[in-house]
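Hi everyone, thanks for coming along. I'd like to walk you through one structure today, so let's bring it up on the screen.

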Amino acid sequence: NALAKAALKGGAIDELHKELIALAIGIASRCDACIGFHVKALIRLGVTKEQLMETLGICAYMGGGPTLMYAAEAVRAYEELTAKIREIAAEYNVSLTDAQMKQLVDLCRQMEKLNPDQLKEKVESIQKTIQQMAEAKTKVTGFLATVGNIVSAIGEFFQRIFASFRK
């Protein structure tokens, strides 16, 4: 909703840290639905497991034993969601390190900001560049063949000249 978007929009505190705060409040409030929602948002924002675990440590410190149970749910949600991303990657014979997972999430976030027309323009631009490179390769290959023929002709010319001196 509009209130949530306004509250979680980056400002003096960036979106990632606001989501970590929201998760901590959800855990302290023992809100099951909040945990899954905020962990998913945190993954989209590129949270590391270390950042998540430090936040959960603060929750456990401030909220005591009952908070540990909800903190465990946040870890489980994080592991389930990251496992799903790795599962999808494995379907394409790709294994992801944690750093690569973060890069992938960052790339997806950047792509979310592109509208379809911009994305289409970028793809078309890349295709045009590839076509121009292929054409340049053909021209260079032809040029090198011509240079090779000229060098061969010069070599034959000098061989004839030297042969005429030997007679």
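Let me begin with a question: is Ile 21 buried, partly exposed or exposed? With a relative accessibility of 43%, Ile 21 counts as partly exposed; the scheme here calls a residue buried under 20% relative accessible area, exposed over 50%, and partly exposed in between, with a 1.4 Å probe and protein chains only.

Before going on, a word on the model. It is predicted, so local features need pLDDT of at least 70 and side-chain atom pairs count only at pLDDT 80 or more, while totals for chains, interfaces and linings use all residues. Residues are numbered from 1 along each chain as its sequence is written, and side-chain values use heavy atoms, with hydrogens and water left out.

Back to Ile 21, which sits in helix α2; helices are DSSP runs of H or I with at least four residues, strands are E runs of at least two, and both are numbered from the N terminus. Now look across to Thr 55, in helix α4. Thr 55 counts as buried, because its relative accessibility is 13%. Setting aside neighbours within four places in sequence, Thr 55 is in contact (heavy atoms within 4.5 Å) with Leu 20 and Ala 24.

That brings us to the core. By a nonpolar core I mean buried Ala, Val, Leu, Ile, Met, Phe, Trp, Tyr and Cys residues joined through side-chain atoms within 4.5 Å. The largest one has 19 residues, and the members touching the most others are Leu 23, Ile 27, Val 39, Leu 42, Leu 56 and Ala 74. Helices α2 (15-28), α3 (32-44) and α4 (49-90) each give this core at least two residues, and α4 has the largest share, with 8. What does Leu 23 touch, beyond its neighbours within four places in sequence? Its contacts are Ile 35, His 38, Val 39, Leu 42, Leu 52, Leu 56 and Ala 74.

Next, the cysteines. A disulfide here is a pair of cysteine sulfur atoms within 2.5 Å, and that rule gives 1 disulfide. The partners are Cys 31 and Cys 34, with 2.2 Å from S to S. Their link is right-handed, at 70 degrees about the S-S bond. Cys 31 is partly exposed at 23%, and so is Cys 34 at 25%. Cys 59 is buried, at 8% relative accessibility.

Two backbone spots deserve a look. Most residues other than glycine have a negative phi. Arg 30, in the loop between α2 and α3, has a positive phi near 60 degrees. Asn 93 has a positive phi of about 60 degrees too, and is found in the loop between α4 and α5 (98-113). Arg 30 is partly exposed at 37%, whereas Asn 93 is exposed at 75%.

Last stop: helix α6 (residues 116-166), where we find Phe 158. Phe 158 is partly exposed, with a relative accessible area of 42%. Together with Ile 150, Ile 154, Phe 157, Phe 162 and Phe 165, Phe 158 forms a nonpolar surface patch of about 660 Å² accessible area. Accessible areas come from the Shrake-Rupley method with a 1.4 Å probe, and for residues only the protein chains shown count as cover. Patch members have over 30% relative accessible area and no salt bridge, with nonpolar side chains (Val, Leu, Ile, Met, Phe, Trp, Tyr) joined within 5 Å and like charges within 9 Å; a salt bridge is a Lys or Arg side-chain nitrogen within 4 Å of an Asp or Glu carboxyl oxygen.
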